[in-house]
Amino acid sequence: MHRFALAALAVLTLAAPARADFIKNAEEWRRLGPEGQAAYAMAIFDVQSVVTADNKYTAARAMGLRACGIGLQLKGAMVAQAINIFYRDHPEARLATPFVAFNGYFERGVCSPFINKAREDLGLKPMKAAPLPEAKQQPEERQQGQQPDQGQQQPDTMQQ
């Protein structure tokens, strides 16, 4: 099903080149539905985990995200759920793209220890204000009433 959803997303991309930026906010994200969200979310994760632009900071982010995906055994639906949680917990960010929500939950949240380890391996300083996630907490385990981590509100650049 995951491959089908990605293929469908690719076909939609070719059919609507004027919308190459795709989903621009939480409302458009919501309209994708669960399968579309899972495919779109994994596409974000896949791009972020391989793009390095010959830069140590983006390379560390990509390495850390790959390690995080493996360590947490992430699936598309889990990544999509995390984006939904971020939008829910940050109403001020509902005008932001899912990419920003992804960064807020993964890069600045649950994957930050993995990214900081990769940064350390490359001789870089750790990200500033990157919160340590609760032990082994995955997106579907987060409770409705839990408060978001303080450091997740506005994603910073990796070059801090």
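View 1. The model shown is predicted. Helix H5 covers residues 76-89, 14 residues in total. From first C-alpha to last, H5 reaches 20 Å, close to the 20 Å expected at 1.5 Å a residue. Of its 14 residues, 10 are buried, so H5 is largely enclosed by the rest of the structure.

**View 2. Helices H3 and H5 pack at an angle of about 90°.** Two packed helices are described by the angle between their axes and the distance between the axes. The axes of H3 and H5 lie 7 Å apart, at about 90°. That angle makes H3 roughly perpendicular to H5. On the H3 side, the contact is made by Gln37, Ala38, Ala41, Met42 and Ile44. H5 contributes Gly76, Ala77, Val79, Ala80, Ile83 and Asn84. Eight residues of this contact are nonpolar, three are polar and none is charged.

**View 3. Thr58 sits in helix H4, residues 56-71.** Thr58 has a relative accessible area of 16%. Buried means under 20%, so Thr58 counts as buried. Its side chain reaches the backbone oxygen of Asn55 at 3.2 Å. Leaving aside residues up to four places away in sequence, Thr58 touches Val51, Thr52 and Ala53.

Definitions and conventions. Residues numbered from 1 in each chain as written. Predicted model: local features only at pLDDT ≥ 70, side-chain atom pairs only at ≥ 80, totals over all residues. Heavy atoms only, no water. Helix = DSSP H or I, 4+ residues; strand = E, 2+ residues; numbered from the N terminus. Expected span 1.5 Å × (residues − 1). Buried < 20%, exposed > 50% of the residue type's maximum accessible area, 1.4 Å probe, protein only. Axes fitted to C-alpha atoms, helices over the stretch in contact; angles between N-to-C directions. Parallel < 35°, antiparallel > 145°, perpendicular 65-115°, else oblique. Contact = heavy atoms within 4.5 Å. Nonpolar A, V, L, I, M, F, W, Y, C, P; charged D, E, K, R; others polar. Polar contact = N/O pair within 3.5 Å; in protein donor to acceptor, adjacent residues only side chain to side chain.
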